[in-house]
Amino acid sequence: MKITKYIILPVVLLVMLTGCKKDFLDLTPMDQIDPNAFFNNEKEASIALTGVYSALDDIWISYDAMSDDMIDQYPWEGPFEIGNGTYGAETGYITWKWQGNYKGIARANLFIEKMKTKAVFDEDVKNRMIGEAKFLRAFWYADLADFYEDVPLITAPQSLAEANTPKSPKADVITQVLKDLDDAATVLPASYSGGDIGRATKGAALALKTRVLLYNSRWAEAAAVAKTVTGYSLYPSYASLFTVEAENNEEVIFDSQYIKDKRNNGYSTVIRDWRSFCPFKQLTDSYYMANGKPITDPSSGFDPVSPFDKRDPRLGQTIGLPGQIYDGSVYIPANDQNTPTGMVIRKWVEFGNNDYWNSEINIILIRYADVLLMYAEAQNEATGPDASVYDAINAVRQRAGMPDVTPGLNQSQMRDQIRHERRIEFVGEGLRYSDIRRWRIAENVMVNGTGYDKTLLSDPSNPAKWQFKEIVVDERVFNKAKNYVWPLPESEITTNKKLIQNPVW
């Protein structure tokens, strides 16, 4: 996929070809690909499959800006409205996400059908490709079910007459997702080489299945499946895990791949130059001291005059802090007109590349640290904090340079530790918003988003004497009566008369 994924594919036009009347001459247009004449060999099918992969968006990063972790300060970018609770059925981000997922699903459905009915090459290769498409379909449907719950379940290409499809219960959608992942896991290889690196693997199918089971509180099943995700390990350095140099390492299970000048990633510009995503003070406060104690513990050694000293190393590796070297110079918030919180994100930024729109950092969508922490959570909920739970969470902490979790915790105490670890480990990776909703704590943690008064952070000569005064940056609002599920886009309800809005909306 590293080689092929950036190809701009005319095959995207395939989704438009169903439901058309045939002319008596049955002429094939010269400006688009006829799906009935395209799956003649493996090369053609591979190009079509790349068209399915290309529907993957990297919007998962922005999910954190809807949570208590950070703000996307620009209203036109979407997460801003969701974070402060002013969104509704007509919000553009709500529609964009829905349509993006169904675009991918439509491509996957058409690809699967044509592979079954038109492809005439090696059966093993055909089955593997169908498995990849089923994995992708499951990926998009799992996302839809997480946010919208009951959604139309479409598993085959539709004609115009069939286009109006009612919602299916979330339980039915999840059943289909798990079936697709089981089918995929039986035919996908453990790994790829060369230009095929980046395709969905058996491990990716099993890891996604673990996530789906976990998100639906099927604890014992999730723990059991997580144990089958093998062949991966933690990359030694958290600090360099999200860099070009560390791409395709042993921790990556599934990612979206980029290559400079071909299929580029613009998040370096969005994060570094625009400051779209700025962390809240309550996020930085949530990082423990390096001794494993929270800063609220009187014995932790926390010094409010030097609040970033002796903290969890992941704090300075994830967030650009006042006084820290950021992009080659000392970061002085008073000189930064763009960040409202006095801090910036450093994860996913390709430092040293001034052509930021042309970054090639791969965006990791599933990695092994997540599998370990999903296992720890599922096993703790199913049986309590046995030794395997400690082993899983401690492995993640040890890689970060943090001490092991205190032994002898009860189930509730371990639950708190796992939730804390997930928040710190995955900042900027799009998991926090789903976590606080599935844990049903969103209304408690979505409070006023705070930052530092930048006018008091202006003396680079002696950072120890900077004054760190907290200010309110943005009001976080979460209405527990309706915000645990998103509304269906108003435009989709207008178009599809069989769609019924989610009752709470």
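Biologist: Is Arg-422 buried or exposed, and what is its relative accessible area?

Modeller: This is a predicted model, in which local features need pLDDT of at least 70 and side-chain atom pairs count only at pLDDT 80 or more, while totals for chains, interfaces and linings use all residues. Residues are numbered from 1 along each chain as its sequence is written, and side-chain values use heavy atoms, with hydrogens and water left out. Buried means under 20% relative accessible area, exposed over 50% and partly exposed in between, with a 1.4 Å probe and protein chains only. Arg-422 therefore counts as buried, its relative accessible area being 2%.

Biologist: With which residue does Arg-422 form a salt bridge?

Modeller: A salt bridge here is a side-chain nitrogen of Lys or Arg within 4 Å of a carboxyl oxygen of Asp or Glu, and in this pair the closest N and O atoms are 2.9 Å apart. The pair links distant parts of the chain, 13 residues apart, with Arg-422 in helix α13 and its partner in helix α14. That partner is buried as well, at 2% relative accessibility, and it is Asp-435.

Biologist: How many residues does helix α13 have, and what span does it reach?

Modeller: Helices (H or I, at least four residues) and strands (E, at least two) are DSSP runs, numbered from the N terminus, and α13 covers residues 411-425. The expected span of a helix is 1.5 Å times one less than its number of residues. The buried residues of α13 include Met-414, Ile-418 and His-420. The helix has 15 residues and its span from first C-alpha to last, close to the 21 Å expected, is 21 Å.

Biologist: To which strand is β9 joined, and by how many bridges?

Modeller: Both faces of β9 (residues 449-452) are covered, with Gly-449 and Gly-451 buried on one side and Thr-450 and Tyr-452 buried on the other. Two strands pair if DSSP finds at least two bridges between them, and Gly-449 stands opposite Asp-474. The two strands run antiparallel, and the partner, joined by 4 bridges, is β10.

Biologist: Which residues touch the most other members of the largest nonpolar core?

Modeller: A nonpolar core is a set of buried Ala, Val, Leu, Ile, Met, Phe, Trp, Tyr and Cys residues joined through side-chain atoms within 4.5 Å. The largest has 136 residues, and helix α4 (residues 123-148) gives the most to this core, with 15 residues. A second, separate core of 7 residues includes Trp-439 and Phe-478. In the largest core, the residues that touch the most other members are Phe-135, Phe-254 and Trp-486.

Biologist: Is Lys-227 buried or exposed, and at what relative accessibility?

Modeller: Lys-227 sits in the loop between α7 (219-226) and β2 (252-256). Its C-alpha atom is separated by 42 Å from that of Ser-159, 68 residues apart along the chain. Lys-227 counts as exposed, its relative accessibility being 58%.
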